[in-house]
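Thanks, everyone. Please have the sequence and the model open. I'll take the sheet, then the helices.

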Amino acid sequence: MNTNRRQFLKACGLLGLGAAVNGVLPVVSEAARIGKEYSVHQTRLMMGTIVTITALHPSKQLGEEAVGRAFEEIKRLEAVFSRFDASTPVSVLNKDGKVSGIPAELAEVMDRSKRFGSLTDNTFDVTVQPVVDLFRAKQNLNGALDLSREEFEHALSLVGQQNLKLSGRSIRLDREGMGITLDGIAKGYIVDKASAVLAAHGAVNHMINAGGDIRTMGEKDKATPWTIAIEDPAKNGNYPTVITMNTGAVATSGGYEVFYDKKHMYSHLVSPVSGKSPNNVASVSVTAPTVMEADALATAVSIMQTRKGLQFINSLPGREALIIARTGEQFATPRWA
């Protein structure tokens with residue numbers, strides 16, 4: 001999609017996981033016969049992005065039902081992780097600094113967030129929300145952000161997953177003013193769960209694309225893998241690379257969709273150490289067994305320097321990465337698809 005996509009989503013209030021929009025969201029659906037199966041294809045606006053599901057099933061009716069149930073699962077989990085609805089546990093946590101009796105899904109994602117934080121030497125950190133909130137409050141798409149050193153340092157002082165405590169079904173933030181954002185992991189988790197629903201309802205061969213968080217299973221048709229075009233961060237309509245995949249996941253992270261100043265120097269991607277957004281990296285794509293992992297790793301590598309990011313992914317068996325610099329230069333791990 002080109003830059004109109006971001007403008008459209010922003011106008012609808014859809015930038016950010018679980019952002020609400022008034023009125024009825026458009027649904028685009030079609031089904032076509034492919035050999036002995038039907039290919040059911042449906043697109044909706046969910047999770048602050050465009051979500052498309054393509055699923056193969058011997059029955060057109062059951063295929064459509066499987067896709068419908070997958071979207072229902074997305075809607076259910078979106079309500080769990082949204083920070084825009086005041087009644088959700090994430091919103092309660094950000095407001096009160098503590099929450100108990102959280103859903104099992106949120107407990108699982110919070111636990112994995114802490115683990116990914118440790119794995120990435122705390123480059124992945126869900127507590128960067130105070131800095132992101134500051135950038136959003138100072139947003140200036142026609143120029144530069146006017147940030148005072150004092151307010152910036154205060155926001156940065158509230159970042160640090162060591163002050164996020166998880167105990168069973170309870171979460172506590174040890175410093176007043178802290179907050180979390182799960183935008184770098186929850187969407188991937190939700191896509192994985194929707195994929196499981198499709199498989200459970202007989203649509204074993206399928207692909208889900210949620211704004212660059214992509215899960216594939218099986219084949220597009222007989223002996224043909226799924227084809228995935230990595231989005232151009234420069235929005236010039238050129239795809240940096242096209243990969244094929246049977247069962248797996250790929251996620252792309254970059255500051256080109258959600259940014260707060262004219263030159264895109266400040267985005268939703270924030271280093272938990274410096275409080276700054278990565279300015280040399282345009283996008284990072286990571287392949288992994290699950291979208292949740294690919295999502296978190298792509299976020300973390302976006303914060304790392306290019307060499308360090310590639311070395312890090314190289315240390316993880318079965319994971320690969322493509323880094324696109326702002327200059328357009330590409331850097332990839334040796335076995336990138």
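Start with the open sheet: 9 strands, in the order β1-β2-β3-β7-β8-β11-β12-β13-β14, with antiparallel pairing. Strands here are DSSP E runs of at least two residues, helices H or I runs of at least four, numbered from the N terminus. Two strands pair if DSSP finds at least two bridges between them. β1 (27-34) and β14 (330-332) are the edge strands, each pairing on one side only. On average, neighbouring strands are turned by 10 degrees against each other, direction ignored.

A word on provenance. This is a predicted model: local features need pLDDT of at least 70, side-chain atom pairs need 80 or more, and totals for chains, interfaces and linings use all residues. Numbering runs from 1 along each chain as its sequence is written, and side-chain values use heavy atoms, without hydrogens or water.

β13 (residues 320-325) pairs with β14 over 3 bridges, antiparallel. L322 stands opposite A332 in β14. Helix α9 (residues 306-314) packs on the sheet and touches β12, β13 and β14. Contact means heavy atoms within 4.5 Å. The direction of α9 makes about 170 degrees with that of β13. Angles run from 0 to 180 degrees between N-to-C directions, with axes fitted to C-alpha atoms, for helices over the stretch in contact.

Helix α8 (residues 291-303) lies across β8 (213-217), β11 (248-254), β12 (281-288) and β13. α8 runs at about 150 degrees to β12.

Last, a helix pair. α5 (residues 129-137) and α6 (residues 149-157) pack at about 150 degrees, axes 7 Å apart. P130, V131, L134 and F135 in α5 meet E151, F152, A155 and L156 in α6.
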